[in-house]
Amino acid sequence: MMRWLRLRRMRRAFRALPERDRAIFGSVRFDDLDYIEAARRHGCTVAEVEETITRVIIALDRALRGK
């Protein structure tokens, strides 16, 4: 599959996620916060950060594979 199509699918999947999930994911992946810092920033537990990161990665992987 062409790279631009995969990226488009992933971008669409990312935008479809709840804002809070996108924000937590961005804090960890783009702002380079560890899970403890991300939890403090977003007022949640480290377990919630872990669950959110997992949920986002699964959604992006499914989009990448066209599911």
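## An exposed loop residue

Aspartate 32 is exposed, since its relative accessible area is 66% (exposed means over 50%, buried under 20% and partly exposed in between, with a 1.4 Å probe and protein chains only). The place of this aspartate is the loop that joins helix 2 (19-29) to helix 3 (35-42) (helices are DSSP runs of H or I with at least four residues, strands are runs of E with at least two, and both are numbered from the N terminus). Although aspartate 32 is not a glycine, its phi is positive, at about 60 degrees.

A word on what you are looking at: this is a predicted model, in which local features need pLDDT of at least 70 and side-chain atom pairs count only at pLDDT 80 or more, while totals for chains, interfaces and linings use all residues. Residue numbers start from 1 along each chain as its sequence is written, and side-chain values use heavy atoms, leaving out hydrogens and water.

## The chain as a whole

Four helices and zero strands make up the secondary structure of the chain, and along the sequence the pattern reads α-α-α-α. Taken along the principal axes, the box filled by the C-alpha atoms is roughly 40 × 20 × 15 Å.

The chain has 67 residues, of which 27% count as buried. Among contacts with a separation of 6 or more, 52% come from residues 24 or more positions apart (a contact means heavy atoms within 4.5 Å).

Proline 18 counts as partly exposed because its relative accessibility is 46%. From its C-alpha atom to that of alanine 38, 20 residues apart along the chain, the separation is 16 Å.

Within helix 2 we find serine 27, which counts as buried because its relative accessibility is 2%. Leaving aside residues up to four places away in sequence, serine 27 touches Asp32, Leu33, Ala38, Arg41 and His42. Aspartate 21 also belongs to helix 2; this residue is buried, given a relative accessible area of 7%. With the residues up to four places away again not counted, aspartate 21 touches Thr52, Arg55 and Val56.

## Where helix 2 meets helix 4

Helix 2 packs against helix 4 (residues 46-64) at an angle of about 95 degrees, and their axes are 9 Å apart (axes are lines fitted to C-alpha atoms, for helices over the stretch in contact, and angles run from 0 to 180 degrees between N-to-C directions). The two helices are therefore roughly perpendicular (65 to 115 degrees; under 35 is roughly parallel, over 145 roughly antiparallel and the rest oblique). Helix 2 brings Asp21, Ile24, Phe25, Val28 and Arg29 to the contact, and helix 4 brings Val49, Thr52, Ile53, Arg55, Val56, Ile57 and Leu60.

## Helix 4 and its buried face

Which residues of helix 4 are buried? They are Val49, Thr52, Ile53, Val56, Leu60 and Ala63. Viewed down the axis of helix 4, these buried residues fall within an arc of 100 degrees, so they line one face of the helix (the arc is that of the directions from the helix axis to the C-beta atoms). In an α-helix there are 3.6 residues a turn, so residues three or four places apart point the same way. The cover over the buried residues of helix 4 includes helix 1 (3-16), helix 2 and helix 3.
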